[in-house]
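Q: Hi! Could we walk through this one together?

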Amino acid sequence: MLMTAFGGLMWLIYTAMLVLAVVALVMAAFSREDAFRAADKQNKMFWLIILGIAVAVNLFVPMLFLQLAGLVATIVFFVDVRPALQQVSGGGGRGRGRGRRGGGSSSDGPYGPYNGGR
């Protein structure tokens, strides 16, 4: 029974790694090529190849070491490359209220206008 639970947990972990790699691959595919250059990251084709290999390894190669290498590449994309692409593309912080304010003053603080205690 313990082995069955462990097998189910491992299947869940492998599935989560596959889903993350597929999502990262799709996000990289829909990003603009010039955003990669502007963000001073590797080019788009590099990330498509790396993330494509990560997806293929998760699907076809049952070797944990290679799957963990793909997971590291996926995490690097999500933590380093994607935020830089969003910052360059002007799409940073969607859904969190940042960058969506229309017109604002240079004296606006995070909670509204700052008037210097007047």
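**Chat notes**

A: Happy to! Ser 31 counts as buried, at 17% relative accessibility (buried means under 20% relative accessible area, exposed over 50%, partly exposed in between, with a 1.4 Å probe and protein chains only).

Q: What should I know about the model and numbering?

A: This is a predicted model, where local features need pLDDT of at least 70 and side-chain atom pairs count only at pLDDT 80 or more, while totals for chains, interfaces and linings use all residues. Residues are numbered from 1 along each chain as its sequence is written, and side-chain values use heavy atoms, with hydrogens and water left out.

Q: Thanks! Where is Ser 31 placed?

A: Ser 31 is in the loop between helix H1 (2–30) and H2. Helices (H or I, at least four residues) and strands (E, at least two) are DSSP runs, numbered from the N terminus.

Q: And what does Ser 31 contact, beyond its neighbours within four places in sequence?

A: Leaving those neighbours aside, Ser 31 is in contact (heavy atoms within 4.5 Å) with Phe 36, Lys 44 and Leu 85. Its side chain also reaches the backbone oxygen of Met 27 at 2.8 Å.

Q: Switching topic: which residues form the largest nonpolar core?

A: That core has 11 residues, among them Phe 36, Trp 47, Val 81 and Leu 85. A nonpolar core is a set of buried Ala, Val, Leu, Ile, Met, Phe, Trp, Tyr and Cys residues joined through side-chain atoms within 4.5 Å.

Q: Which element gives the most to this core?

A: H4, with 4 residues. H1, H2, H3 and helix H4 (64–89) are the elements that give two or more residues.

Q: How do the axes of H3 and H4 cross?

A: They come within 9 Å and cross at roughly 140 degrees, which makes H3 oblique to H4. Axes are lines fitted to C-alpha atoms, for helices over the stretch in contact, and angles run from 0 to 180 degrees between N-to-C directions. Angles under 35 degrees count as roughly parallel, over 145 as roughly antiparallel, 65 to 115 as roughly perpendicular and the rest as oblique.

Q: Which residues meet there?

A: Residues in H3, including Trp 47 and Leu 51, meet residues in H4, including Phe 77 and Val 81.

Key. A polar contact is a pair of N or O atoms within 3.5 Å; within protein, one must be able to donate a hydrogen and the other to accept it, and residues adjacent in sequence count only if both atoms are side-chain atoms.
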